[in-house]
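Here is a briefing on one protein structure. Take a look at the model, then read on.

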Amino acid sequence: MRSTIICVDDEFSILKSLGAQLKRNFGKSYDIELADSGASALLLCAELTEEEKDIALVISDQNMIGMAGDEFLIQLHALYPKTLKIMLTGQADADSVGNVVNAAALYRYIRKPWDETDLTLTVAEALHCFEKDQKLARQNELLKATNIRLESALALLRATLEATADGILVLDSFGDVVSFNQRFFDVWDLSDGALESDSQTLINSMMGVLMESDAIALKTQLEQSSIKHQDCLKLEDGRIIEYYLQPQQLIGKNVGTVWSFRDVTQEKLSEAIITHQALHDTLTNLPNRIFFDQAFDAALKDAAANTKRMAVMFLDLDEFKAVNDQLGHAIGDQLLQNIVQRLSHCLREADVIARWGGDEFVILLPQIRCRDDASEVASRLIEVCQPEFYLGEHRLHTTVSIGIAVYPDDGLENGTLLQNADTALYQAKRSGRNNYQYYSVDVAS
């Protein structure tokens with residue numbers, strides 16, 4: 001919308017001449033309005049303002065009948081302080097002009113009769129100032145609107161951060177903290193004093209509650225924050241925190257990272273319980289066949305790659321069926337649990353014992369130098385079962401029989417070694433029980 005220049009003079013010929021001159025020089029960009037008195041000019045200004053038109057400049061004669069020019073310009077300034085004002089005067093009175101300059105913020109005064117070039121340059125200069133002020137005002141309004149939108153967006157972001165179940169930490173490209181939510185402090189169990197800490201102190205607080213190896217891992221990720229990553233961290237109090245690292249880029253340049261943290265201790269515990277239950281026998285808590293097969297395959301690969309010897313045993317309780325038949329399965333189950341405790345104490349950390357089914361167990365000895373090593377283990381297993389078992393009012397005596405197959409002498413793969421160990425167990429049973437036997441081709445035939 002075009003802005004307006006208003007000319008005010010009570011002499012029609014002068015007013016007409018002034019208006020014509022302004023139209024010639026500024027009519028393409030501005031509307032030129034004429035008023036024959038200060039009162040008429042004030043009414044015109046009110047109408048233009050109601051129409052939401054800007055009044056860029058008012059040029060007024062000083063000496064007018066009725067309302068004098070200086071009085072008019074002072075009233076005009078009170079109503080429209082941003083409008084620029086030029087006063088035309090035939091006989092300039094220093095006191096009068098000074099009064100208008102001070103009270104009406106007079107932009108300039110020009111002596112009458114005026115020089116057209118001088119007037120045109122003065123008006124052009126005034127309009128240039130007006131346009132600069134208008135542009136600055138528009139920029140300020142735009143900036144104000146942008147700030148409002150930004151504050152609204154930040155408020156929404158803060159609300160979103162506080163609403164999320166994850167702890168959020170935002171770092172800039174220098175590793176300094178930009179933002180976080182309260183959940184971040186809850187997840188890490190940090191004190192309220194950490195809110196006022198500097199970035200490095202806050203990071204150190206996180207490092208201080210981690211297991212040493214996990215603190216090193218987190219430090220590495222902080223130094224390589226331009227790489228997307230996901231992992232878990234273990235705290236000294238036993239809790240587990242899962243984190244996601246998401247780099248933030250602007251025009252291809254890394255500008256920071258967003259970290260999200262959540263406590264997955266119960267989730268990981270539940271997963272561990274489910275995994276344990278899937279791989280272990282419910283009665284004895286020993287590994288089951290699935291677990292044993294995985295361990296056996298891994299041990300075979302290691303033995304083949306490193307030219308090692310290993311042994312596998314089948315162990316069976318002698319006359320266990322009679323216990324179940326005479327005393328019931330509950331006593332039988334207790335006996336199995338007590339036997340497992342004794343057997344487990346005879347094995348090395350690397351050895352694996354699993355329940356194969358019923359009263360039968362399979363034992364893996366992944367690191368032996370010779371058959372004598374397996375014989376020593378078998379002898380201990382038989383010996384440890386000799387003392388009586390006290391199960392409530394029952395005193396039970398039981399023995400075990402063991403069959404042994406050795407890699408690579410008795411087979412090179414899982415199935416063959418297990419079959420040969422089972423054949424050796426059968427021979428131990430036939431040999432009177434309470435003993436161990438190695439697989440041999442003669443026994444098998």
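Leu425 touches Phe314, Asp316, Glu360, Ser401, Ile402 and Gly403, leaving aside residues up to four places away in sequence; contact means heavy atoms within 4.5 Å. This is a predicted model, in which local features need pLDDT of at least 70, side-chain atom pairs count only at pLDDT 80 or more, and totals for chains, interfaces and linings use all residues. Residues are numbered from 1 along each chain as its sequence is written, and side-chain values use heavy atoms, with hydrogens and water left out.

- Leu425 belongs to helix α14. Helices (H or I, at least four residues) and strands (E, at least two) are DSSP runs, numbered from the N terminus.
- Is Leu425 buried or exposed? Leu425 counts as buried because its relative accessibility is 5%. Buried means under 20% relative accessible area, exposed over 50%, and partly exposed in between (1.4 Å probe, protein chains only).
- Glu319 is 106 residues from Leu425 along the chain, and 14 Å separates their C-alpha atoms.

**The mixed sheet**

- Five strands make an open sheet with mixed pairing, in the order β12-β13-β11-β16-β17. Two strands pair if DSSP finds at least two bridges between them.
- At the edges are β12 (352–357) and β17 (436–438), each pairing on one side only.
- From one strand to the next, the twist averages 20°. Axes are lines fitted to C-alpha atoms, for helices over the stretch in contact, and angles run from 0 to 180 degrees between N-to-C directions.
- Three bridges link strand β16 (residues 400–407) to β17 in the parallel sense. Ile402 has Tyr436 of β17 opposite.
- Helix α10 (residues 289–306) packs on this sheet and touches β11 (309–317), β12, β13 (360–368) and β16. The direction of α10 makes about 135° with that of β12.
- Helix α14 (residues 414–430) also packs on the sheet, with contacts to β11, β12, β13, β16 and β17. The angle between the directions of α14 and β16 is about 145°.

**The parallel sheet**

- Another open sheet has five strands in the order β2-β1-β3-β4-β5, and its pairing is parallel.
- Helix α1 (residues 12–26) lies across β1, β2, β3 and β4 (84–89). The helix α1 runs at about 160° to β1.

**Strand β1**

- How many residues of strand β1 (residues 4–8) are buried? Five of its five residues are buried.
- In a regular strand, side chains alternate between the two faces of the sheet.
- Both faces of β1 are covered. Thr4, Ile6 and Val8 are buried on one side, and Ile5 and Cys7 on the other.
- β1 runs parallel to strand β3 (residues 55–61), joined by five bridges. Thr4 is opposite Ile55 in β3.
- Five bridges also join β1 to strand β2 (residues 31–35), again in parallel. In β2, Asp31 is the bridge partner of Thr4, and Ile32 stands opposite Ile5.

- The largest pocket holds about 350 Å³ of space. On a 1 Å grid over the protein atoms alone, a pocket is an open set of points where a 1.4 Å probe fits, with protein on both sides within 12 Å along at least five of seven lines; lining residues have an atom within 4 Å of a point.
- Its lining has 14 residues, and the closest to its centre are Asp54, Lys82, Thr83, Phe130 and Gln134.
- Helix α5 (residues 116–163) gives the most to this lining of the largest pocket, with six residues.
- The second largest pocket has about 280 Å³ of space. A volume is the space filled by probe spheres set on the grid points, which are joined across faces, edges and corners.
- Its lining counts 17 residues, with Phe174, Gly175, Gln200, Ile203 and Leu222 nearest its centre.
- For the second largest pocket, α7 gives the most to the lining, with five residues.
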